Amino acid sequence: TKLIEAYRDDFSTLEPITHFLTGACMGRAGLNRKTALATATLTLAAEAPDLDIFGNLKDPVFGFAHHRGFTHSFLGLVLVSALVVGFMYLVWRLRGRKTKDPNLPPRWGLLFLFSYLAGLTHLLLDFTNNYGIRPLWPFSEKWYSWDIVFIVEPVILILLVGGVALPALLSLVNDEIGVRRQGPPGRLAAGLALAGVVGLWGVRDYEHRRAVDALEARSYQDADPIRASAYPHSWNPFQWSGVVETQNAFATVLVDSAIPDVDSDGQMRIHYKPEETAVTIAAKKSYLGRAFLDWAKYPLTETETLDRAQGGYLVRFLDLRFGDPDRNRRTPLSASVELDGSLHVVSESMGLGRRRTR
């Protein structure tokens, strides 16, 4: 139950269907002609880096700190690929070493390479959204993100579902009319689906650049932007959520990249940077505070004094990429640290989950 709730509330994870379908399309596009068990291995390996979600079973704070870490790195994919191939070898042995095509035996070294390749597609897909990945972990904790695709991207899903489902439907039709095809079906459809995903990325990247340029071309309350970012909306490739940092504030605003135009009249919100205090410094030095600030691009803190006899504080952390304090102070990707009157950490909360430190 905890794992299901973690997946339901975790906006950082590109929903698993996209990853599974990507692996399946890779197999159908021709890799399944090289070795037995290729499609099954590719499908599992394309999702396998998200095994790190099991960190949420310990607690949400631990899960957040380790999400998209080792399993989402170039080095970690070696271990993840070995686990996938090991699992497939176990299944193969339990099935009596049988495969669908007796003339195409499993080639385990090649399956390992395919598994690693599928893992790279997972990293690439996660890189395209605005949560980001740490591909150089453990040598570097730096986060990288392309910010061009929404975490749940309907167009990509439609393309990949078509790449897998259409050949199956055509195969049924061919069976009905007595037409037989040689070899596994669906190579063309799967290849076109994967090409369509790459083409969508090209469109998104172009529109993303136009949106960022529009944000950087203007001032915000007479202050020039230090940096600006645009984050995608689902379905509409021309609508973006803009976040801009100036010397003393952050601005959030909608951007239409088709024009391009910044909607500064009704949608812009200004969030002034809070003053640094001993309370916020103590919260930022906590385990969760360090992990959150390492990941966040546009962090904002809010301090609340708790009504207790011994005193205490609650410091909330929010990244403006994933929330707006004027609308919702607590989201699955928000955090909070509770301190006592002596500024010792009492508890840490990530999203809707909490762990007490004492």
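**Close-up views of a predicted model**

**View 1. Helices H5 and H6 cross in this model.** The axes of helix H5 (residues 76-94) and helix H6 (residues 108-128) come within 9 Å and cross at roughly 130°. Axes here are lines fitted to C-alpha atoms, for helices over the stretch in contact, and angles run from 0 to 180 degrees between N-to-C directions. H5 is therefore oblique to H6; angles under 35 degrees count as roughly parallel, over 145 as roughly antiparallel, 65 to 115 as roughly perpendicular and the rest as oblique. The crossing of H5 and H6 is right-handed, a term used if the near helix is turned clockwise from the far one by less than a right angle, with anticlockwise giving left-handed. Helices (H or I, at least four residues) and strands (E, at least two) are DSSP runs, numbered from the N terminus. The structure is a predicted model, in which local features need pLDDT of at least 70 and side-chain atom pairs count only at pLDDT 80 or more, while totals for chains, interfaces and linings use all residues. Residues are numbered from 1 along each chain as its sequence is written, and side-chain values use heavy atoms, with hydrogens and water left out.

**View 2. Residues of H5 meet residues of H6.** On the H5 side, the contact (heavy atoms within 4.5 Å) includes Leu 77, Val 78, Met 88 and Trp 92. Among their counterparts in H6 are Trp 108, Phe 112, Gly 119 and Leu 123. By class, the contact of H5 with H6 has 14 nonpolar, three polar and no charged residues. Ala, Val, Leu, Ile, Met, Phe, Trp, Tyr, Cys and Pro count as nonpolar, Asp, Glu, Lys and Arg as charged, and the others, Gly among them, as polar.

**View 3. Glu 302 and Arg 316 form a salt bridge.** Their closest N and O atoms are 3.2 Å apart; a salt bridge is a side-chain nitrogen of Lys or Arg within 4 Å of a carboxyl oxygen of Asp or Glu. Glu 302 lies in strand S6 (residues 299-305) and Arg 316 in strand S7 (residues 312-319), so the pair ties together parts that are 14 residues apart in sequence. Glu 302 is partly exposed at 28% relative accessible area, whereas Arg 316 is buried at 19%. Buried means under 20% relative accessible area, exposed over 50%, and partly exposed in between (1.4 Å probe, protein chains only). Elsewhere, salt bridges that share partners join Arg 227, Glu 245 and Lys 273 into one network. The whole structure holds 12 salt bridges.

**View 4. Glu 141 forms a salt bridge with Arg 134.** The closest N and O atoms of this pair are 2.9 Å apart. Glu 141 is partly exposed, at 33% relative accessibility, while Arg 134 is buried, at 4%.

View 5. Most residues other than glycine have a negative phi, and most peptide bonds are trans.

**View 6. Leu 37 and Arg 68 have positive phi.** Leu 37, with phi of about 70°, sits in the loop between helix H2 (16-28) and helix H3 (38-47) and is partly exposed at 21% relative accessible area. Arg 68, with phi of about 55°, is found in the loop between helix H4 (60-66) and H5 and is buried at 0% relative accessibility.
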